[in-house]
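Please view the sequence and the structure alongside the text.

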Amino acid sequence: MRFNRDLAHDQIRIARREIGKDPHCNCSKTAVLGVSERPSAWLANLLHLGWLIAPFFAAFLLAGCAGHRPISSAPPPPPSPPESAPAPTRPPSTPNAQQPPTRTSPFVPGMFIEEGTASWYGIPFNGRRAANGEIFDMNSLVAAHRTLPFGSILRVTNLNNGRDVQVRVIDRGPFVGDRILDLARAAAVSLDMIGTGTAPVRIELLSGPNPAVGDFTVQVGAFADRSNAERLRDRLLAHYQPIFIQDYDAPTGHFYRVRVGRVPSPDAAQQLAVQLKNSDGFQTFVMRLDQPNDFGIK
């Protein structure tokens, strides 16, 4: 019995020695190391397994991301205007609409073209007052016309040589035969017509008031003696009214011009001029009435 008890004790000591625990101490270095070595081995095995699992985990993540579209970074489109506020529309335009002509409205180029004979003037008119009130300078690009408004800008072309010049109307005339324009000397030089004195020309109105708007009359004579002008007026009063006598101070003397009628267009004045010429044999000139004193004395 004792032997068995001793054998049991020996077995217990061997077992304790094997596990490194002293029967008189609750712990030992060997036992602690034994306990700490087991987790370390487990972690090592886990890490070893992690290197094997990591590629499969990464592939899983990439496969999951590939199933989603990238989010666009473009800003959202601006909100559309409300349907209750439609965009404004322009009123329909009327093509070829023309404004009613006025005395101050600009004239459309190309609507007035005239051909005839032009002359030029210089001395003794140089330095004298023109019909529009300014002083005539023969070395400036100005001209005299019987019906075009003052300030009209004309292109004048010499039909003999093709040369052209632009002039401004400041005076009335000419009063000789079929001449339609009197040019200042500077303009005549540009057209190369100084030597010939006259030239066939084409007149184009480039800008200015409407030439068809205004008051027009017909000049039937000019007299140095006022009594002669009054006798002609008295004779014509029985058939035409009104009749005006206008004073004109020319470089060669003082004259009295007799003018018949007052009509609102150059066409009506031209018809009156033809009537006076055919019935009484007058040399007539259609004239524009520019100022109150153009009406002269009735």
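In this predicted model, Val165 is in contact with Leu141, Leu154, Arg155, Val156, Ala187, Ser190 and Leu191, leaving aside its neighbours within four places in sequence. Val165 belongs to strand E4, which covers residues 164-171. Is Val165 buried or exposed? Its relative accessible area is 7%, so Val165 counts as buried, the limit being under 20%.

Another part of the model is a sheet. Strands of a sheet pair through backbone hydrogen bonds, either parallel or antiparallel. Here, four strands form an open sheet in the order E8-E9-E7-E10, and their pairing is antiparallel. Strands E8 (243-250) and E10 (285-289) are the edge strands, each pairing on one side only. From one strand to the next, the twist averages 40°.

Five bridges join strand E7 (residues 215-223) to E10 in the antiparallel sense. Within this pairing, Val218 has Val286 in E10 as its bridge partner.

Two helices pack on the sheet, as the table sets out.

| Helix | Residues | Strands touched | Angle between directions |
|---|---|---|---|
| H4 | residues 226-236 | E7, E8 and E9 (253-263) | about 160° with E8 |
| H5 | residues 266-280 | E7, E9 and E10 | about 35° with E7 |

Methods. Residues are numbered from 1 along each chain as its sequence is written. This is a predicted model: local features need pLDDT of at least 70, side-chain atom pairs count only at pLDDT 80 or more; totals for chains, interfaces and linings use all residues. Side-chain values use heavy atoms; hydrogens and water are left out. Two strands pair if DSSP finds at least two bridges between them. Axes are lines fitted to C-alpha atoms, for helices over the stretch in contact, and angles run from 0 to 180 degrees between N-to-C directions. Contact means heavy atoms within 4.5 Å. Buried means under 20% relative accessible area, exposed over 50%, partly exposed in between (1.4 Å probe, protein chains only).
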